[in-house]
Amino acid sequence: MTCAIHDVAIIGGGASKVFGEQFGKSADDLLFEAGFEAMDDAGVKPEDIQAGWVGIAYSFTGLSGATMADPLKLYDIPITHTENYCCSGMDAFRNACLAVASGMYDMVMACGVEKITDQGGRGLPGLGQQHPVIFRGITAPSAFGLAFERHRKEFGLTREDLAYVAVKNHANGAAHPRAHFRREVTLEQVIKAPSISGPLGLLDCCPISDGAAALVITRKDIARKYRDDFVTVRALGLSVYSNWLPFLPDFDYLAWRPTVKAAEQAYAQAGIEDPLQEIDLAEVHDCFTITEILNIEDLGFCKKGEGGKFVREGRANVDGDVAINPSGGLKCFGHPIGATGCRMVFEVMRQLQGRAEGKQREGAKTGMAHNLGGLGGTVCGIAILSSDDRHK
Amino acid sequence: MVGIKSFGAYVPWLRLSRELIARGWGMPGAPGTLATANFDEDSVTMAVEAALNCTEGLDPSTMGGVFFASTTAPYAEKSVATIIATVLDAPAEAATADFAVSMRASTSALQAALDAAACGKADNIVVTAGETRVAEPITSWEQTLGDGAGAVLVGEGDGVIAEYLGSLSLKDEIMFTWRRAEKDHILREYNARMAQSEGYEKVMVRAIRGAMEKLGLTPESVARAVFTAPDFRSHGRIAAKCGFNAAAGQVQDALFAFVGGTGTAQPLMMLANALESGLKEGDVVLLAHYADGADVLAFKVTAALAALPPRRAVNACLAAQHPLESLAKFMRYRGLTAIPPLDDFGSPVQTWRDTAQVFPLHGVKCNQCGFVRFPVDRVCGRCKARDDNTEVRLARRGRVFTFINDNLYPAVETPTTLTVVDLEDGARIFLQMTDRVADEVEVDMEVELTFRKIHSGNDWNHYFWKCRPVRRGGE
């Protein structure tokens, strides 16, 4: 199976030097670091970039393509600001790939950035449309955590199952030089941490992070001129559901529907029939530990209801059946909203090139970046990349 | 025949023991409790609850008026009667009026409603009063004032359960208790002894005796004397002076023991309590209420009282209660701390546009597939029928589908119990849960809806619905 996106290649990637509370840096500083690292990594100059896409979720980080144009001085070319909640960066990457696949441009850049700590406060600032009283009280952790009681009732999910996700992702992230947290946590620490929302304690929640990431994207035939170890795109799934999940009687809180639907699209494009056998590693959206457990199930790495067991048994470890979040994930690496999708693709790219900065999944050939956004799963973006298709 | 056609009351779920107040300040305490509005309750939400209890089963389109009385309305300029009428789904043409400032506002409203019914101007007028007066800490008033609401339905015809016989009013200028407009949050007083004896006792006795004389009644002919008082002791002092025999059950309990003095709401709550407590056809009820004078109204119970379906009033509310565990919470709820109220996103434009959703909680039902949903949208999420919906009043009962006790939302009190509820009509709705023990919330728990204050963003009160565990008691 082939389609036009299979001709798309990534030849360079970069990210802000460190993710986390970057009080001393602006969004411009973060994009400066990510953008020029990506161009240097690819061996291209700013004047080679013909078009750009920048993922940003919060308007206070920046509006319009100029947020990307100014720090990199990429003036006079088409640049589009993409916003799709936590998938904003993934959608920037997707649109950049589609533009190259269309033949309109030969060389483009996708990037994402978020500068959340300038706004302070507890938790994430409010995002998007709001109503004064309807849906009031919802928070990011509660929106995802509402799945816990349903999952517990149907499948016996436990508090400990959630904690194992944090332990695994911190063990991975501790080894990554750019991660927000560079430390491991114990099961006991996770369970005893104060509750943020229901069963989700402080260590079950991703932190508030600043960061940026960028990718240089071109066609396979051009990529060969720049490097031998470029990676190629096998699939780009994107599925949008609703902003009103707790008002939809058909939403059962047992699966993140956009993940299921985006995975269906992506696996069809990539010709993947058994993801557990065919995918070596996956950067999976783990804004909260429970989010990762449902995602592992929804992506088909295990049966519905067995996600907790899958993690607990070590099957999601870097050397397990499939490495889930070898970077440390949002949980430990950090989650600068608009940057995360591109950051995941950057990590998968380096894993497939065998030059992971943290823990390396040995022999990785096929990797996934999975991004879920909205209050409990409104939108999901999935990219599947390969180091095996360069000559196909 | 003109008179009262139904009644209801509301007593908040939380009760503060006087012992806890006494221990907090190291002073002597009286027995009993004070009914205390939760942080999301005020005179409006309690009056809504009493009015809903009073009008259970009544077709809202027949409501001819909604009168609200309180000295603790949330606004100095802005009608509350319109909020309540909108929640009740009363027609736009129903008369709405706000009675305020004097604690006799409730009996003024009741007389106005009776007069309107008597002259044929309106039928089925809901008269409701809610009160949340705040006492100065470390005074006897602190152990006296309680929160609550009462309601009666006034009108004419066969449905009258207590026929209006007549009334008498006296004015009496005195500084007893007061709060200065825009200046005082807590109750002021100067010399309670003078006010109790020269004000309350003398004026109340004179008014009650005068009313009986005017209406041709004797103390013996009164089956139930429903008279209010500023405090427990004063209430006990005047029965004998009016010729009533408290020991023989002739005097209606003033609710000081477990509820406290509810100001404007007190006469309506006591009247509701009388009407649910063994009165029979032919019984004469004397209602007397004091504040800067007195209003006395007399009623005669009709055969229709026995036929009225059971109402949720004082007895049912007293059966459902939960202890408020600290004086600090009580003080925060009463606005006696420097902690500002919850300031969340507000928009008068959105609230106005969505009035039918926010106040009477209307959703839509698809005319093609019957899917009932909220919030209102144009295209059916199930069958995709376009703009083919009927606006419906959503069910007020349901079950918890899932929930979480969240500590992140900056509420007055955490955790905030967030629930996803399946209503009995099939609609699903996200609601905060109130009046619950957080650790006892469960999936599949039965809940009922209650109208509450959600936050005070933009410097005005945003009201909406919450759910709470179904209240048992009084059935």
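Among contacts in chain A between residues at least 6 apart in sequence, what percentage join residues at least 24 apart? It is 79%. In contact means that the C-beta atoms of two residues, placed from the backbone, lie within 7 Å.

Some ground rules. This is a predicted model, where local features need pLDDT of at least 70, side-chain atom pairs count only at pLDDT 80 or more, and totals for chains, interfaces and linings use all residues. Residues are numbered from 1 along each chain as its sequence is written, while chains are lettered from A and ligands numbered from 1 in the order in which they are written.

Chain A, then. It has 13 helices and 12 strands. Those are DSSP runs numbered from the N terminus: H or I over at least four residues for helices, E over at least two for strands. The radius of gyration is 19 Å, close to the 21 Å that the globule rule gives for 392 residues, so chain A is as compact as a globular protein of that length. That radius is taken over C-alpha atoms, and the rule is 2.2 Å times the number of residues to the power 0.38. Of the 392 residues, 63% are buried. Buried means 20 or more other C-beta atoms within 10 Å of a residue's own; exposed means 12 or fewer, partly exposed is in between, and C-beta atoms are placed from the backbone.

Next, two helices in chain A. H5(A), residues 159-173, and H10(A), residues 289-298, have axes that come within 8 Å and cross at roughly 95 degrees. H5(A) and H10(A) are therefore roughly perpendicular, a label for angles of 65 to 115 degrees. Asp161(A), Leu162(A), Val165(A) and Ala166(A) of H5(A) meet Thr289(A), Ile290(A), Glu292(A) and Ile293(A) of H10(A).

Over to chain B. Domain 1 covers 2-333 and domain 2 covers 348-469, with bounds from an automatic or database domain assignment. Their C-alpha centres lie 31 Å apart. The contact takes 16 residues from domain 1 and 15 residues from domain 2. On the domain 1 side, helices H2 (43-54) and H3 (81-88) of chain B give two or more residues each. H2(B) supplies the largest share, four residues.

Last, one residue. His455(B) sits in strand S21 of chain B, residues 446-455. Is His455(B) buried or exposed? His455(B) is buried, with 24 other C-beta atoms within 10 Å. Beyond neighbours within four places in sequence, His455(B) contacts Arg136(A), Leu342(B), Asp343(B), Asp344(B) and His462(B).

Definitions and conventions
Axes are lines fitted to C-alpha atoms, for helices over the stretch in contact, and angles run from 0 to 180 degrees between N-to-C directions. Angles under 35 degrees count as roughly parallel, over 145 as roughly antiparallel, 65 to 115 as roughly perpendicular and the rest as oblique.
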